[in-house]
Amino acid sequence: MVEELVAAGVALASAGVVYVWSAARVVKQYERGVVFRLGKLLPEVRGPGFTLIVPGVDKLRKVNMQIVTMPVPGQEGITRDNVTVRVDAVVYFRVTAPAEAIVRVEDYRFAVAQMAQTSLRSIIGKSELDDLLSNREKLNEGLELMIDSPAVEWGVTIDRVEIKDVSLPETMKRSMARQAEADRERRARVINADAELQASKKLAEAAKEMSDQPAALQLRLLQTVVAVAAEKNSTLVLPFPVELLRFLEKAQQGYPAVQQPVQEQLPPVAPQVNPDGQGAISRQD
């Protein structure tokens, strides 16, 4: 009798262990458990840790609550200004309502991916090329709003959407390069013209000051000579302004003219011939 009771107890304990083993579930910290009892969703969502279900009756589905990074394949489209481009993007989203993410949509990841591709094509058609290249923040906000509107009903929240790359045809790249080069050349010419205008004004002011003080021109010339001589050049090209000649001419007007010496008139020279036939020149005094 005792042996039968012991055997029954052992069998009951074994059945209990098997029951607990089959009913035990472990939900991780970043997961939530959704329980279906005979196909009906239970309102209580199981949190992280150890939990039990009824074997054969309940079915537990775990939902990842982490932020999912999903790359959006490159989508080709025509912009509003008729330029063919290929745009890549990435979507960051997470599940906020596990029960709705399981019940309302068959595969929320696939649904978000398809919605992201469709929204990206729509954004390409509504935008211009300059907006895709330089105004991406505004396009990211519009793309996020387009994806987030239907995703809220699926229990999914879109954290952010980023446009990664915009690929252009080679012909368009060359055209943009020529345009940028022409624009830079235009700005360079404007800057040079402005510099010439400012320099001409300063030179006009300097000329006016030097005309009042002629000695200033000579000092400026000496400064130029010193600057050129500091370069240790073997050849020195020195400009000689006409104004300096005028200055020297005016300076000499206050002194008597220097008398030039009269050259001695020499008698003409007659050639003579020696007896040996060689010619010689002698001067007659």
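Start with Arg-46. This is a predicted model, and in it Arg-46 is buried but has no salt bridge. Buried means under 20% relative accessible area, exposed means over 50%, and partly exposed is in between, with a 1.4 Å probe and protein chains only. A salt bridge is a side-chain nitrogen of Lys or Arg within 4 Å of a carboxyl oxygen of Asp or Glu. The nearest side chain of opposite charge is Glu-44, 4.6 Å away. For charge, Lys and Arg count as positive, Asp and Glu as negative, and His and the chain ends are not counted.

So what does the side chain of Arg-46 make a polar contact with? It is the side chain of Thr-51, at 2.6 Å. The side chain of Arg-46 also reaches the backbone oxygen of Leu-52, at 2.9 Å. A polar contact is a pair of N or O atoms within 3.5 Å; within protein, one must be able to donate a hydrogen and the other to accept it, and residues adjacent in sequence count only if both atoms are side-chain atoms.

Arg-46 sits in strand β3, residues 40–46. Helices (H or I, at least four residues) and strands (E, at least two) are DSSP runs, numbered from the N terminus. Beyond four places in sequence, its contacts include Val-27, Val-35 and Leu-60. Contact means heavy atoms within 4.5 Å.

Take Leu-60 next. Leu-60 is in strand β5, residues 58–64. It is buried, at 17% relative accessible area. Its C-alpha is 8.3 Å from that of Arg-25, a residue 35 places away along the chain. Leu-60 touches both Arg-25 and Arg-46.

Now the core. The largest nonpolar core has 37 residues. Such a core is a set of buried Ala, Val, Leu, Ile, Met, Phe, Trp, Tyr and Cys residues joined through side-chain atoms within 4.5 Å. Among those with the most contacts inside it are Val-85, Phe-93 and Tyr-108. Which element gives the largest share of this core? That is α3, with 8 residues. Phe-93 is in contact with Tyr-108, Val-156 and Ile-158, among others.

Is Thr-79 buried or exposed? Thr-79 is buried, at 3% relative accessible area. Its side chain makes a 2.4 Å polar contact with that of Asp-81. Asn-82, in contrast, is exposed at 67%. Asn-82 has a positive phi of about 60°, though it is not a glycine. Leu-38 also has a positive phi, about 55°. Leu-38 is in the loop between β2 and β3, and at 70% it is exposed.

Last, confidence. pLDDT is the predictor's confidence in each residue, from 0 to 100. The chain mean is 80, and 84% of residues reach 70 or more. Residues 257–266 stay under 50, with 1 contact beyond four places in sequence. Residues 269–285 also stay under 50, with 14 such contacts. Where pLDDT is low, the predicted coordinates should not be read in detail.

Two notes on method. Residues are numbered from 1 along each chain as its sequence is written, and side-chain values use heavy atoms, leaving out hydrogens and water. Local features need pLDDT of at least 70 and side-chain atom pairs count only at pLDDT 80 or more, while totals for chains, interfaces and linings use all residues.
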